[in-house]
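Please read these notes with the model open beside you.

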Amino acid sequence: MAVILDGKAFAARLRARVAEAVAGMAGQGVTPGLAVVLVGTDPASEVYVRSKGRATREAGMQSFEHRLPADTPASELMALVARLNADPAVHGILVQLPLPAHLDAAAVIAAIDPAKDVDGFHISNVGLLATGQKALVPCTPLGCLMLLRGHHGSLAGAEAVVLGRSNIVGKPMAQLLLGADCTVTIAHSKSRDLAGICRRADILVAAVGRPQMVPGDWVQPGATVIDVGINRVTDAQGAGRLVGDVDFASAEAVAGAITPVPGGVGPMTIACLLANTVTAAARAHDLPEPERLGL
Ligand code: NDP
């Protein structure tokens, strides 16, 4: 049976370190501030924004929530981003995705000051990460790397397979694993022999958005499996539940370690958002970056 990588407990410890760092910064007259912008009323986004606001306040930081109607013109959203860029109390800006169809997410992300881009999606941060420089790193893959480092220590030389190549998860995950000296393969919907590719992995990260797509016989015995997927499914009795991209029951029987869904990667994402905001605030005020909050 695999070791269960308890993301909830790991995230609670990270959030405690964030709160300590925030308390330390108060002594220097700095309170990190995170602005979250929600356009429209997507129910999942509403839940995310509420929990981000709560977590921000619990860590002792300032939370600024901006809710705009679904038909907000692009010019108005851009004007808000410009105001947040200029506001010294705001150290992190997050525009909740997806945006309504009439708004161009890439243009909005490009308008965010890269130093405040706590989601790590701005092309400057993408480029800094790809070239191994100091960046703000996307929260979900950062959380995955922390879980892996927490379990293994060094990842040097490991065969890592990332299933999925999105800009939000797959690609930055691959960059982080490369930076941690893994031998990295990225697989996607056009890859041949996914089972064979996955079986090579010492570390398998699944980020495809397909419920329970990865069965246990794709997992090398003893491998570490990180399941990023969050999929809502309905069982035979009509009850809804969350499952990952990995078939947990069969994978757990062969893996050396595995993240559950829920309670694995999910809680790490918000904790890393808080950590990124503290990092951005420290950089903005030329304070030493608190240790053990990032890479
Ligand atoms: P995307 O839909 O943007 O990307 C999915 C990737 O998976 C694509 O690269 C796609 O390949 C690949 N893929 C899809 N189907 C297959 C298949 N049958 N075989 C092989 N590859 C496939 O999703 P995201 O990266 O945004 O998210 C992935 C999952 O992670 C989702 O379940 C999402 O809910 C979850 N998630 C969880 C977070 C958390 O906090 N835990 C945060 C963000 C996401 P191609 O490029 O060829 O189309």
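Helices (H or I, at least four residues) and strands (E, at least two) are DSSP runs, numbered from the N terminus. This is a predicted model, in which local features need pLDDT of at least 70, side-chain atom pairs count only at pLDDT 80 or more, and totals for chains, interfaces and linings use all residues. Residues are numbered from 1 along each chain as its sequence is written, and side-chain values use heavy atoms, with hydrogens and water left out.

1. Start with the cis peptide bonds. One runs from Leu-97 to Pro-98, with omega near 0°. Pro-98 sits in the loop between β4 (92–95) and α4 (105–111). Another cis bond joins Val-261 and Pro-262, where omega is about -5°. Pro-262 belongs to the loop between β11 (257–258) and α10.

2. Asp-193 is not a glycine, yet its phi is positive, near 55°. The loop that holds Asp-193 lies between β6 (183–187) and α8 (194–199). As background, most residues other than glycine have a negative phi, and most peptide bonds are trans.

3. A ligand oxygen is 2.5 Å from a side-chain N or O atom of Ser-189. For Arg-165, a polar side-chain atom lies 2.7 Å from an oxygen of the ligand. Ile-230 uses a polar backbone atom, 3.1 Å from a ligand oxygen. The ligand on its own has 930 Å² of accessible area (Shrake-Rupley method, 1.4 Å probe), and the protein covers 71% of that.

4. Finally, consider α10 beside α2 (residues 43–58). Their axes, lines fitted to C-alpha atoms over the stretch in contact, come within 10 Å and cross at roughly 50°. The two helices are therefore oblique to each other: angles under 35 degrees count as roughly parallel, over 145 as roughly antiparallel, 65 to 115 as roughly perpendicular and the rest as oblique.

Terms used:
Polar contact = N/O pair within 3.5 Å; in protein donor to acceptor, adjacent residues only side chain to side chain. Axes fitted to C-alpha atoms, helices over the stretch in contact; angles between N-to-C directions.
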